[in-house]
Amino acid sequence: MARTLDDVHEDIRQQVAGRAGALWDVALRLHADPEYAFAEHRAAALLTGELEGAGFTVERGTAGMPTAFVARSGEGRPAVALLLEYDALPGLGHACGHNLIAAAGLGAALAVHAVLGGSGGCVTAVGTPAEEGGGGKAVEVEAGVFDGVDAALMFHPGVYDWRRAPLTAQVQYRVAFHGRAAHPTGNPTEGVDALAALVELFNVLAVVGRRLPEASHVQGIVTHGGTATNIVPEFAEGLFGLRAATSRALDELIGQLRECAEGVARATGTRAEVERATVRYDHFRDNGVLSDRFAAHLSAAGIALTPPVPGVYLGSSDVGNVSTRVPAIHPFVAIMGEDGSDHTPEFAAAAASGRAREVLTAAAGALACTAADVLLRPDLREAAWARHRAAEAAEAGEG
């Protein structure tokens, strides 16, 4: 009798269950040895070693990033990518739970490889460095890593069990003002105070912030404010983080920042420079067709996902850039209570807890079963792509 999709799912779950201890060991090894943006050498070596040992073809140094990689089982289409994050937070370690993301993606890739062996198409484990700062996925998108992929799948540990991720668009801009130095007592009228201009920009942005749309905000810091109190500062600089609910709204916010800086420069007699300082993260476009499949598979492990609470946003991620190119999912699965928060020491501890181990196994199984659905069900692929293109057309129409 021919094997059904349900049989495949059951085989995959057994594969994940059989690897549960080994996957947890990987998660704990990553947790105990945190590495940071573009320097995750030991993490990348651990993960690629596991994949290569299982028979994957591994490409290291993807898109010019030493700690990025692509590991493939099978070839051609259909194709599904499992995304592995493994960078940590300076001073906090794995306080965002990327050790669990990496282990879950690894487990899913290994399980699909073991059950389908490339016969259903191509399953790819994509190592994505520097999510916390640097945007490895954004670099990979531009390098064409996701061209020819039908779905990009990952999960994220959190404090909520949410089917999709309300992730905003974000970027950082550097704003510098150039004035003229002078002695503040001897010849004060000759000075043009660049720091005063920067302070005025903060004041203007505070007023603008009161009328920004939901999820849009600007947060700035002073990175250079002068060299001595007896010199009128001829140069001052600030770094500003901009976030917005959509990439289009982020474009509008960037335009407002430029207008404010140029207006302040005219008013103060300074010269303003406004330049992008970081990789830009697009907002995340959830593919409901695939998210529904993941949620259904996760429910079999006793974890029920709900839609996110309206008006609550959970930061930004370079997975948004991936979601502009291919159908993608990024559900949140709780490893601690809603009174907690990621990017805290408490969350770092939770990422190595008993609850985290249970979530890791459940998420790896749900990711693997969803990947199998993409590979083996043409109707699901077509529906996912149709949803993706419809969202793309709707956004284009808003312009």
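This is a predicted model: local features need pLDDT of at least 70, side-chain atom pairs count only at pLDDT 80 or more; totals for chains, interfaces and linings use all residues.
I began with R211, which is exposed, with a relative accessible area of 60%. My scale: buried is under 20% relative accessible area, exposed is over 50%, and partly exposed is in between, with a 1.4 Å probe and protein chains only. R211 lies in the loop between α5 and β8. I then looked from R211 to V80: their C-alpha atoms are separated by 42 Å, and the two are 131 residues apart along the chain.

Residues are numbered from 1 along each chain as its sequence is written, and side-chain values use heavy atoms, with hydrogens and water left out.

A215 has a positive phi of about 80° although it is not a glycine. I noted that most residues other than glycine have a negative phi, and that most peptide bonds are trans. Is A215 buried or exposed? A215 counts as buried, at 19% relative accessibility.

**Entry: the loop between β1 and β2**

I looked up A63 next, in the loop between β1 and β2. A63 has a positive phi of about 55°, and it is not a glycine either. A63 is partly exposed, at 31% relative accessible area.

T62 lies in the loop between β1 and β2 (69-73). T62 is buried, with a relative accessible area of 2%. Which residues does T62 touch? Leaving aside neighbours within four places in sequence, I found contacts with A68, F69, V70 and V145. Contact means heavy atoms within 4.5 Å.

**Entry: a cis bond**

I checked the peptide bond between R77 and P78. It is cis, with omega about 0°. P78 is found in the loop between β2 and β3.

**Entry: the sheet**

I traced an open sheet of six strands, in the order β1-β2-β4-β3-β5-β11, with mixed pairing. Why do β1 (57-60) and β11 (328-329) stand at the edges? Each has a single partner strand, so one side of each is left without a neighbour in the sheet. Two strands pair if DSSP finds at least two bridges between them. Helices (H or I, at least four residues) and strands (E, at least two) are DSSP runs, numbered from the N terminus.

I picked out one pair. β3 (residues 79-84) and β5 (residues 151-153) run in the parallel sense, over three bridges. A81 stands opposite A152 in β5.

Then I looked at what lies across the sheet. Helix α10 (residues 354-376) lies across β3, β4 (122-127), β5 and β11, at about 160° to β3. Axes are lines fitted to C-alpha atoms, for helices over the stretch in contact, and angles run from 0 to 180 degrees between N-to-C directions.

**Entry: α5 against α6**

Helix α5 (residues 194-209) packs with helix α6 (residues 247-268) at an angle of about 135°, and their axes are 9 Å apart. The two are therefore oblique to each other. Angles under 35 degrees count as roughly parallel, over 145 as roughly antiparallel, 65 to 115 as roughly perpendicular and the rest as oblique.

Which residues meet here? From α5 I listed A197, E200, L201, V204, L205 and V208; from α6, Q256, L257, C260, A261, V264 and T268. By class, this contact has nine nonpolar, two polar and one charged residues. Ala, Val, Leu, Ile, Met, Phe, Trp, Tyr, Cys and Pro count as nonpolar, Asp, Glu, Lys and Arg as charged, and the others, Gly among them, as polar.
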